[in-house]
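Visitor: Hi! Could you walk me through this one, please?
Guide: Happy to, have a look first.

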Amino acid sequence: MPYLSWMEGSQRFRHAITEDPCVLGRDPLACAVAQPTSGAVSRTHAQIARVGGIWWVKDLDSANGTTLNGLPLNHPQGNTLRDGDELSLGGWRMTFTEGFPSLDGVVFAERVGDLFEEVRPEPAQAMVLIRGVEMLYRSTEKLMREVDSDAQVRGLLEESLRLLGGDRGFLVMRTREGGWRTAHRVGDVQEGIGLSRSVLDYVAQERTAVLSNQPLADPRFGGLSLVELHRGSLLCAPMLDEGEILGALYLDRESAGRPFSRFDLAIFQAFVRQGSLALRQAMLHRRAMGQAEQQGELLRLRTERQRELDRHGELLAALAVPLRRIQGWADELPAVAGEAIRSQLDHLHTLLEDGHREGASDGMNLAGHPLPLGTLQEELARRWEPLVALRRTRLRWTDPPQGFVWVPSGPLVSALAGLVELMLMQMSVGMEIFTRWDQERGFHVLRLSLPQGLHGPVPDPWTQRVLQDAGVRWHWADQALDLFMPEGPDAMPEEPVRPLLGLISEDLSLLGLFQTVAEAGDLLLHPLEVQPPPPPLPKFRFLVVDAKGTADLERTIRAYRQHPSFATTPFLVVRSNEEETPRLIEAGATDWLAEGFRWEALHHRLQVLRGHTELQQRALAAERLESFRQMAGTLKHEINNPLAIISMQVEMLQRKYPEEVKLAKIGDMVDRIRALVQVLQKMRETPTEDYADGSSILKLG
C-alpha cells in the first residue's frame, strides 16, 4: 500500500493512500490529505490516482502549481510516481513511498527481496548465502514430507523457530469473519499475551513480511495490542494462497541483544512462501480425499438403493401371485359380495402396478391425458356401486356435462375411489348419496351430498400423494364432499422449481465449481450468453458474471441490468480487479470477488446477497403497508364528511315522517358504514406484529 509522509515541525505525519483518487489540498472536507493552515495550498490542489496498476499525480489547476522532484507537472494527464518521489504543493513538501515510509531497513524493515538480492556481492557473503540456502532447503524438505495439513501447521511453525532461532512462535489462521484464530503455538506463551494483533493486521493489509527489533517503538504498530511482556524482536509473514490471506506466521526473541537481520527476514519470507505452498497442497490433498470418500459413500448408497429397488420389485411380484388366486376364487362368490371383493382386488392390482411403475421410473412423473367426464363417472360408479349394494344404500348420479378432466398416467381413478370408499362403509341401510357436477375456475367439481352422521374423509398417505400429484383438491363441509379436478394441464399444480443461478462465462472450468455452489444453496445452475435472451425468462435469484471469461464486461452487465427479468437480481462479478470495481458498480453490479476466490467465499457471498435481497423486500413491504395506512386515513375523512350529511338528513326526515320504515333501514346502514370507517381508523393507528418468518399482520383488536 502506498503512503504519503511529511514533516510538521519535528513530527512526522503519514497517510496510507486507500482512496482512489486521493485529493490533496487545503479543504479538509474535499481532500483526503489536507493542510488547512497553509495559504499557499489551493482548496483542491492535486490528486493521486491509480491507472492500470501505476500511480499518477496530477495538478488540479492550483494557484502555485505542483512539482515532482523539483520539476513542475506539465503533462496534461499528470506524471507517474515512483518509490521515494518528492512532491511540493505550494511549499508543502511530502514524500511518496510504495510501502511504509522512513524505515531504516535494520531496526525496522519490510518488503525485502529474495535471498540473492539481499546478499552483498562480496566473497565473505557467499558462505552466508550457502549456509542460508542449505538451512532453508533442509527445513523445506522436512516440511514437504508431511501430507497431513494439521501436521504441516505444526511443522511449519516448529521448523521456522529452528531455522531462525526464535524463542516463541504462533501460527494463526484467518477466520471467515476477518479475525484471527491461533492454530498452533510453541514456547513460553499465554493466550492473548505476546501476540500483537496490530502486527497481524498490518501484515494482512500490506501483504508483506515485516521485521521489528524494537516492537514497542515501531511506528507501523502501536496501541495496547502490542505486548504486555517486553520482547526483543519479532518477525511476521503472511501466508498467501493465490492472493488470498490464509494466515500468518509470527515468531520473536525475548532478549533485546539478539536482533533479527534483513537476511533473516529474507530467509523467513522464503520459508513461509514454501510452507504456504506445501500447506495448500496438503489442504487440497485432504479435500481430494474427502471428495473421494464422499463419492465412495455415494456409490455405496446408489448400490444399496438399487438393491432395495430390486427387493421391492421381487416383493411386488410375489404379492401379485396370491392376488390372482384370490381373484379367481372371488369369481365363484355370490353376485353382491363377489363384486365388492373384486372391486377391492382391482384396487390392490392398481397399487401393485403403481409400485412397479415408480420403481422402474425412479419416481419420475409421467405424462397425462384428457379423460371425458362421462368415462370418469362410469369408472367411479363401477367401483362404488358394489359397496353401495353391499351396504344396501343408494347412490344417485346426475348426467355428466360435456368436458374433460386432465388425468396423469397413474392411479388417479383408484385414488378417487379410495377417498370415498371409507365413507361408503360408514353408511347404514337405506341411506342415499346425491351427486352433481359443477365448474369453477379451470376445475370440474364433483359434489357428493352425504347423509348426516358420516365423518369426513381421512385419506391414507398414498391416496393423498396421488391426488396432490394429479392436482385434485377436496373440500368437506356441511356433509358435502367437493372434488376439484383440473380441466387441463394448465390447471395442474406447478412442480416446485429451484431458484436459478445464472452464470456468464466462457471458461468451462468454472462450471464444476458453480455446480457445487448451486447444489449447496438449493439452486439450479443455468449458463447464459453474453447477450441476454429475450423475455420472458424464469426468475433468477443470482447472476454471476466472470470478469476473466467475458469479453466486454461492463456492456454485458448493463445489458442484463436493463433486461426486465434481471432488473432486481443481485449481480456478483468474480475474478475482478480492484481497479475495475467502481466501473462495475456503476454499470449495475452488486458485489465482486477478486481473483483466487474459493468455494467457501463464493457460497458465503451469495448467502450475504440473498440476505440483502430479503431485507429490500421487507423494506418494500413496509413501505406498501405505510401507504395502505395513509390511504386508510384519507378514506376515513373522505367517507365521514358525506356520511355526516346523510345522517343529519335522515334524522330530519325521520322527524318529519316517523312512520316511514325505509328511513330506519337507511339509518342502520349509516351506522354500519360508521363501524367500517372505525376499522379503517384502527388500520391506520394500530401497530403491526412481526413473526419469525418475516411476515407481519395488523393488530385490529
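This is a predicted model: local features need pLDDT of at least 70, side-chain atom pairs count only at pLDDT 80 or more; totals for chains, interfaces and linings use all residues.

Guide: Residues are numbered from 1 along each chain as its sequence is written, and side-chain values use heavy atoms, with hydrogens and water left out.

Visitor: Thanks! In what order do the strands of the five-strand sheet come?
Guide: The order is S19-S21-S22-S24-S23, in an open sheet with mixed pairing. Strands (E, at least two residues) and helices (H or I, at least four) are DSSP runs, numbered from the N terminus, and two strands pair if DSSP finds at least two bridges between them.

Visitor: Which strands are at the edges?
Guide: Strand S19 (394-396) and strand S23 (473-477), each of which pairs on one side only.

Visitor: And how many bridges join S23 to S24?
Guide: Five, and the two strands run antiparallel. Ala477 stands opposite Ala480 in S24.

Visitor: Which helix packs on that sheet?
Guide: Helix H8 (residues 412-424), which touches S21, S22, S23 and S24. Contact here means heavy atoms within 4.5 Å. The direction of H8 makes about 175° with that of S24; axes are lines fitted to C-alpha atoms, for helices over the stretch in contact, and angles run from 0 to 180 degrees between N-to-C directions.

Visitor: How do H8 and H9 cross?
Guide: Their axes come within 9 Å and cross at roughly 130°. H8 and H9 are therefore oblique to each other (under 35 degrees counts as roughly parallel, over 145 as roughly antiparallel, 65 to 115 as roughly perpendicular and the rest as oblique).

Visitor: Which residues meet there?
Guide: From H8, Leu412, Ser414, Ala415, Leu416 and Leu419 meet Trp462, Thr463, Val466 and Leu467 in H9.

Visitor: How many bridges pair S16 with S17?
Guide: Nine, in the antiparallel sense. Met239 stands opposite Gly247 in S17.
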